[in-house]
Amino acid sequence: QTVRANSVLIGALAPQLDSIRGGHLSAKALIGYATHRGHRNVLTNTTPGYVDVTASYHSLLALAGLEGRWQHTVKAHLIGKVTAGLDLSAEHFASYSESAYFSWNERTLTELLARIEGTITHQKPGNKSSLWGGLGLMQYAVLSGKSADYTINTTTVSFSGGHHEDLQARLQAGMRYQLMPNSALTASVDLARSRYDLHSVQAYLGLVVQS
């Protein structure tokens, strides 16, 4: 069998669109197009023993988002940062069929993602090391396109399973140690838990080198 998938995504970013209550507001916009083409031979009990099945469909994607960033010096060695963002995306899937075996109706999936995160960084003047910790919340929701209509061997099926919204909490902590003027050692731990699907623990260790 042969499957070919191609996609292109282009966008624009305004990193400092405006000032808002002592912080900075940024905006982004993305559009994308994807194609999928497949070809395979399906075995049958009839001569010549297989049937040629081809597949072809495309999808369109659009995304727009806003993000605000605020930074405040709590003390000389303590800096707080808050980030809040909102993303809205819509993806349209064209109708598709594989002979009489399988097909789906066109569908537009619209999703909303809201997030907020706060971090505190501790670093004394002249100290090579810094410590930081953060807490974040993210809310995800499907606004439209919750059901997908299929036809399998001439039988019509409407599927709307799974969760159409979820709330995720994330706790992070880390450190950075300046080895040389252009290099630093970093380490962090990331704990994430959602209402339904996600429960993860991740640890990172890295070396940052700047030219």
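Trainee: What is the bridge partner of W104 in β9?

Mentor: In β9, W104 is bridged to Y150. Keep in mind that this is a predicted model: local features need pLDDT of at least 70, side-chain atom pairs count only at pLDDT 80 or more, and totals for chains, interfaces and linings use all residues. Residues are numbered from 1 along each chain as its sequence is written, and side-chain values use heavy atoms, with hydrogens and water left out.

Trainee: How do you know that strands β6 and β9 pair?

Mentor: Strands here are DSSP runs of E, at least two residues, numbered from the N terminus. Two of them pair if DSSP finds at least two bridges between them. β6 (residues 102–104) and β9 (residues 148–152) have 3 bridges, in the antiparallel sense, so they pass that rule.

Trainee: Why is the Y57 and W104 pair called edge-to-face?

Mentor: Rings of Phe, Tyr and Trp (its six-membered ring) pair if their centres lie within 6.5 Å; planes under 30 degrees apart are stacked, over 60 edge-to-face, the rest tilted. For Y57 and W104 the centres are 5.0 Å apart and the planes at 70°, so edge-to-face it is.

Trainee: And what makes Y96 and W104 tilted?

Mentor: Their planes are 40° apart, with 4.5 Å centre to centre, and that gives a tilted pair. Y57, Y96 and W104 form one aromatic cluster.

Conventions: Helices (H or I, at least four residues) and strands (E, at least two) are DSSP runs, numbered from the N terminus.
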